[in-house]
Each structure stands twice: as C-alpha cells, then as structure tokens.
Amino acid sequence: EHVPDGQTVVWQNPNVGGSYQVTPAQTYQRSDGRYCREYVTEVLIGGKRQQAYGTACRQPDGSWQVVRG
C-alpha cells in the first residue's frame, strides 16, 4: 500500500521455499472515489517462475480487494 508505483517488494516463504515479488504499476482513482492499483506479481517456487497481472481496489474498511487478475 505504501510502496510507490514501479518499486518492487520482495519476500520469502520458508514454508514452501518460494520467493515472491509485487510491483505496483499504476495507481488511480475511480469515478466512485476508490483508489485502485494495477500490479505485477512474480512467484518463484521449485525453480519455476510465474508472472501474474491484476488490479486491486481499496475498500471502505481499508482492505484491498482484487477486482481483476
């Protein structure tokens, strides 16, 4: 939530031996006033790399909901 667009966040999951990174690509405000972020996620598990793109929007309670993945 606090990372600027284009800055990658990386973390490790020792339980499955995987690494993950998320890069917010674009932040914008919808016509209903909610803020949304497009993002790119990259996962490396068991030597296999996968990439996914999506959009998440901030809910009134402060949580984020994936609206397109």
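Read along the sequence, the protein follows the pattern β-β-β-β-β. The secondary structure thus listed comprises zero helices and five strands, where helices (H or I, at least four residues) and strands (E, at least two) are DSSP runs numbered from the N terminus. The model is predicted, so that local features need pLDDT of at least 70 and side-chain atom pairs count only at pLDDT 80 or more, whereas totals for chains, interfaces and linings use all residues. Residues are numbered from 1 along each chain as its sequence is written, and side-chain values use heavy atoms, with hydrogens and water left out.

Along the principal axes, the C-alpha atoms of the protein fill a box of roughly 40 × 20 × 20 Å. The accessible surface comes to about 4,900 Å², and 50% of this surface belongs to carbon and sulfur atoms; accessible areas come from the Shrake-Rupley method with a 1.4 Å probe, and for residues only the protein chains shown count as cover. Of the 69 residues, 23% count as buried. Here, buried means under 20% relative accessible area, exposed means over 50%, and partly exposed lies in between (1.4 Å probe, protein chains only). Among the contacts with a separation of 6 or more, 20% are accounted for by residues 24 or more positions apart, a contact being defined by heavy atoms within 4.5 Å.

The pairing of the strands was examined next. Two strands pair if DSSP finds at least two bridges between them. Strand 2 (residues 18-29) pairs with strand 3 in the antiparallel sense over ten bridges, and within this pairing Gln-21 stands opposite Glu-42 of strand 3. The two strands form a hairpin with five residues between them, and Gly-33 in the turn has a positive phi of about 95°. Strand 3 is in turn joined to strand 4 by ten bridges, and these strands run antiparallel. In their hairpin two residues lie between the strands, and Gly-46 takes a positive phi near 60°. Strand 4 (residues 48-58) is also joined to strand 5 (residues 64-68), by four bridges and again in an antiparallel arrangement. Cys-57 stands opposite Gln-65 in strand 5. The hairpin of strand 4 and strand 5 has five residues between the strands, with Gly-62 in the turn at a positive phi of about 95°.

The structure holds one disulfide, a term applied to a pair of cysteine sulfur atoms within 2.5 Å. The bond joins Cys-36 to Cys-57, with an S to S distance of 2.0 Å. The link of Cys-36 and Cys-57 is right-handed, with 105° about the S-S bond. Because Cys-36 lies in strand 3 (residues 35-45) and Cys-57 in strand 4, the pair ties together parts that are 21 residues apart in sequence. Both Cys-36 and Cys-57 are buried. In general terms, a disulfide is a covalent bond between the sulfur atoms of two cysteines.

Arg-37 lies in strand 3 and stands opposite Ala-56 in strand 4. At 11% relative accessibility, Arg-37 counts as buried. A polar atom of the Arg-37 side chain lies 2.6 Å from the backbone oxygen of Val-3. The side chain of Arg-37 also makes a polar contact with the side chain of Asp-5 at 2.9 Å. A polar contact is a pair of N or O atoms within 3.5 Å; within protein, one must be able to donate a hydrogen and the other to accept it, and residues adjacent in sequence count only if both atoms are side-chain atoms. Not counting residues up to four places away in sequence, Arg-37 touches residues including Glu-1, Pro-24, Thr-55 and Trp-64. Thr-55 itself is found in strand 4 and is buried, with a relative accessible area of 2%. With the same exclusion of residues up to four places away in sequence, the residues touched by Thr-55 include Tyr-28, Cys-36, Arg-37 and Val-67.

The structure also holds one aromatic pair. Trp-11 and Tyr-20 form this pair, which is stacked, at 5.7 Å centre to centre and 15° between the planes. Rings of Phe, Tyr and Trp (its six-membered ring) pair if their centres lie within 6.5 Å; planes under 30 degrees apart count as stacked, over 60 as edge-to-face and the rest as tilted. Trp-11 is partly exposed, with a relative accessible area of 41%, whereas Tyr-20 is buried at 16%.
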